[in-house]
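Please look over the structure shown below before reading on. The report moves from the overall fold to the sheet, then to one residue and the core.

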Amino acid sequence: MSAPLEILLVIALVGYLLIRRLLGEPAQAKRMLVLPAVLTVIGLSSAKDVLHDPVQLGFLVVTTLIGVGLGALRGLSVRVYVRDGIVNMRYTAISIVLWVVNIAAKLGGNFVLGMVDPHADSGNTLMLTLGAGLLVEGLVVMAKAMRTDGQVIWQQGKDGAPHRTSQLLNDLQSRIGRR
């Protein structure tokens, strides 16, 4: 995937996420865990050239760790609540600030990498850092959701269809809820 196309895709994805999560939505395990895992795998496959350059690899590790840390903080900042028996989530102002910091850190890291190594291609690591941060955010939100009395769903039903649940999620929630 070309770097400009990847950047446009990431901007569209982040914008979509921000709007949906600012408005509030059911905490769907599939959406919070599978999509970020896919983005991370795509990012790993597109970052294979970075693995042969110690400078680029170092920047990738640092920016990914920053993204993961900010993803964990975003997860902690998300408001989790029960509505109609279903666990819902909503971004807060702090969540948005953490997104801005995350994007600034990635752009700043790419700028510094360009100064250190003018031949470095930092654009091919965006999916990895985004996916890893979103995955950790999703894990933190799911951990918070498991501690509520509401139903944690796997996937939201469409057009009036019932929500899909997961026996694994139900079992985890009952074990975590007993503590």
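In what order do the three strands form the open sheet? The order is 1-3-2, and the pairing is antiparallel, where two strands pair if DSSP finds at least two bridges between them. This is a predicted model, in which local features need pLDDT of at least 70 and side-chain atom pairs count only at pLDDT 80 or more, while totals for chains, interfaces and linings use all residues. Residues are numbered from 1 along each chain as its sequence is written, and side-chain values use heavy atoms, with hydrogens and water left out.

**Overall fold**

The protein chain holds six helices and three strands, these being DSSP runs numbered from the N terminus (helices H or I, at least four residues; strands E, at least two). Along the sequence they follow the pattern α-β-α-α-β-β-α-α-α.

Strand 1 and strand 2 (79-83) are the edge strands, each pairing on one side only. Strand 1 pairs with strand 3 in the antiparallel sense over two bridges, and P26 has N88 in strand 3 as its bridge partner. E25 lies in strand 1 (residues 25-26) and counts as buried because its relative accessibility is 4%. The side chain of E25 makes a polar contact with the side chain of R21 at 3.3 Å; such a contact is a pair of N or O atoms within 3.5 Å, in which, within protein, one must be able to donate a hydrogen and the other to accept it, and residues adjacent in sequence count only if both atoms are side-chain atoms.

**The nonpolar core**

A nonpolar core is a set of buried Ala, Val, Leu, Ile, Met, Phe, Trp, Tyr and Cys residues joined through side-chain atoms within 4.5 Å. In the largest one, which has 24 residues, W99, L130, M142 and V152 touch the most other members. Helix 1 (3-23), helix 2 (29-46), strand 3 (86-90) and helix 5 (126-146) each supply at least two residues of this core, and helix 5 gives the most, with eight.

The table sets out contacts (heavy atoms within 4.5 Å).

| Residue | Contacts, leaving aside residues up to four places away in sequence |
|---|---|
| E25 | R20, R31, N88 and M89 |
| W99 | V14, L18, R74, Y91, L130, L134 and E137 |

Terms used:
Buried < 20%, exposed > 50% of the residue type's maximum accessible area, 1.4 Å probe, protein only.
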